[in-house]
Amino acid sequence: TTYDILPGDPLQTGQSINRFNWGMLEPSPGSYSFSQLDTALALSASAGKPVRLKIEAGEKAPSWLGGPPFSVPTYHVVVTKREFDTYYVWHPTYVDRLTRFLAALGAHLDSPSHPYRATIVGISVPSGPAFAEMITPGWAAAFSDAQDPPPAYTKAAYADAWKRSVDSMISAFPTIPLMIN
C-alpha cells in the first residue's frame with residue numbers, strides 16, 4: 001500500500017492501492033463507508049496516475065459475519081509462517097453478503113458520475129484464498145479443520161463459491177477491467 005505519489009516522476013506510471021478491505025468498507029451490514037477509498041483515488045487522480053485497486057476479503061471480511069444473524073463459521077489456517085482464522089468463504093451467507101458488497105462497491109465506483117472512475121484501470125476483490133492455494137500443503141491441512149460446522153469444505157463447494165464471486169465481480173464492474181488472481 002502506498003500513497004507516495006510522485007506527480008513529476010515519469011518512472012511512476014501508476015499506483016496499486018491495497019490498503020482497503022471489505023470489513024473496513026462495510027462496517028455494519030448494508031452500511032458502506034467509501035470516503036477513505038475516494039480520498040486515495042483523488043490523490044492518484046490529482047497526480048494523473050492510474051490505479052489498480054485491490055480490496056481484500058476472506059480473513060479481512062467484516063467481523064459481523066461471524067455473529068447473529070449471519071453466523072458464518074471460521075477455520076484456522078497456518079501457512080508460510082502466518083497463522084489466522086478465516087471465514088468459510090464457500091458458505092452461502094458469506095457468498096450472498098459478498099455479492100451485496102460487490103454490487104454496492106460497483107454502483108459506487110463503476111458509475112459514469114464517480115469523479116475518479118477514469119483513474120481506475122483495474123480492480124480485484126478476492127473472496128478468499130486463491131483457488132490454487134487450496135491445494136498447497138498449508139491450506140490442505142487448514143481445510144481439514146473446515147468440516148464442522150457444515151457446510152463442510154469440498155473442492156466443489158469452494159470452486160462454486162469462487163465462480164459465484166467472479167460472476168458477481170463481472171456484474172458489479174462492467175466497465176472496469178477485473179484482475180483475477
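**Notes on the salt bridges and the sheet**

1. Let me start with a pair that sits inside: aspartate 110 and arginine 117 are both buried. They also form a salt bridge with each other, with 3.3 Å between the closest N and O atoms. Keep in mind that this is a predicted model.

2. The salt-bridge count comes to six. One of them joins glutamate 26 and arginine 97 through their side chains, at 3.5 Å from N to O. That pair links distant parts of the chain, 71 residues apart: glutamate 26 lies in the loop between helix H1 (22-25) and H2, arginine 97 in helix H3 (residues 92-109). Glutamate 26 counts as buried because its relative accessibility is 0%; arginine 97 is buried too, at 9%.

3. Aspartate 96 is partly exposed, with a relative accessible area of 34%, and arginine 100 is partly exposed at 45%.

4. Now the sheet. It's an open one, three strands in the order E1-E2-E5, with parallel pairing. Strand E1 (15-21) and strand E5 (120-124) are the edges, each pairing on one side only. On average, neighbouring strands are turned by 20 degrees against each other, ignoring direction.

5. Strand E2 (residues 51-56) and E5 run parallel and are joined by four bridges. Across that pairing, lysine 54 stands opposite serine 124 in E5. Helix H2 (residues 35-46) packs on the sheet and touches E1, E2 and E5; the direction of H2 makes about 170 degrees with that of E1.

Terms used:
Residues numbered from 1 in each chain as written. Predicted model: local features only at pLDDT ≥ 70, side-chain atom pairs only at ≥ 80, totals over all residues. Heavy atoms only, no water. Pairing = 2+ DSSP bridges. Helix = DSSP H or I, 4+ residues; strand = E, 2+ residues; numbered from the N terminus. Axes fitted to C-alpha atoms, helices over the stretch in contact; angles between N-to-C directions. Contact = heavy atoms within 4.5 Å. Salt bridge = Lys/Arg side-chain N within 4 Å of Asp/Glu carboxyl O. Buried < 20%, exposed > 50% of the residue type's maximum accessible area, 1.4 Å probe, protein only.
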